[in-house]
Amino acid sequence: TLLPVFENYLDNTPDSKVTDVVKQNVVILMATLAKHLKQDDPKVKPIVCKLMDSLSTPSEQVQVAVAECLAPLVPSIKDVAPQLIQRILYQLLESENYGERRGAAHGLAGLVKGL
């Protein structure tokens, strides 16, 4: 499937303005893939975790894309949503990096929108 290719790209690509647009599209493709899976499919949670990790990318384009993609996936991860919200709140309040805090804010908005 395409999922391992997307995950590999997100894990091994350095942050730069050149790759931000590609990362944004990879994030959208991963989320679209997850939307077409059944809600109880075990692949949905790892995809959501990968999307959450992408929020720390210092690109607002990527962060907004992740936030928009998270909302439709929240029904599939309702059981772990409280832990994800706690994790993202911690990052929002405790991170020293402005880009990470901004990404956490976008992610929190996406999660809340999906609840």
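The model is predicted, with local features requiring pLDDT of at least 70 and side-chain atom pairs counted only at pLDDT 80 or more, whereas totals for chains, interfaces and linings use all residues. Residues are numbered from 1 along each chain as its sequence is written, and side-chain values use heavy atoms, with hydrogens and water left out.

Helix 2 comprises 19 residues (17-35) and reaches 28 Å from its first C-alpha to its last, close to the expected 27 Å; helices are DSSP runs of H or I with at least four residues, numbered from the N terminus, and the expected span is 1.5 Å times one less than the number of residues.

The axes of helix 3 and helix 5 (residues 81-94), as lines fitted to C-alpha atoms over the stretch in contact, come within 12 Å and cross at roughly 10 degrees. The two helices are therefore roughly parallel, a term for angles under 35 degrees. Val48, Met52 and Asp53 of helix 3 make the contact (heavy atoms within 4.5 Å) with Leu84, Arg87 and Ile88 of helix 5.

Ile47 also lies in helix 3 and counts as buried because its relative accessibility is 0%. Leaving aside residues up to four places away in sequence, Ile47 touches Leu3, Met30, Ala34 and Leu37.

Methods
Axes are lines fitted to C-alpha atoms, for helices over the stretch in contact, and angles run from 0 to 180 degrees between N-to-C directions. Angles under 35 degrees count as roughly parallel, over 145 as roughly antiparallel, 65 to 115 as roughly perpendicular and the rest as oblique. Buried means under 20% relative accessible area, exposed over 50%, partly exposed in between (1.4 Å probe, protein chains only).
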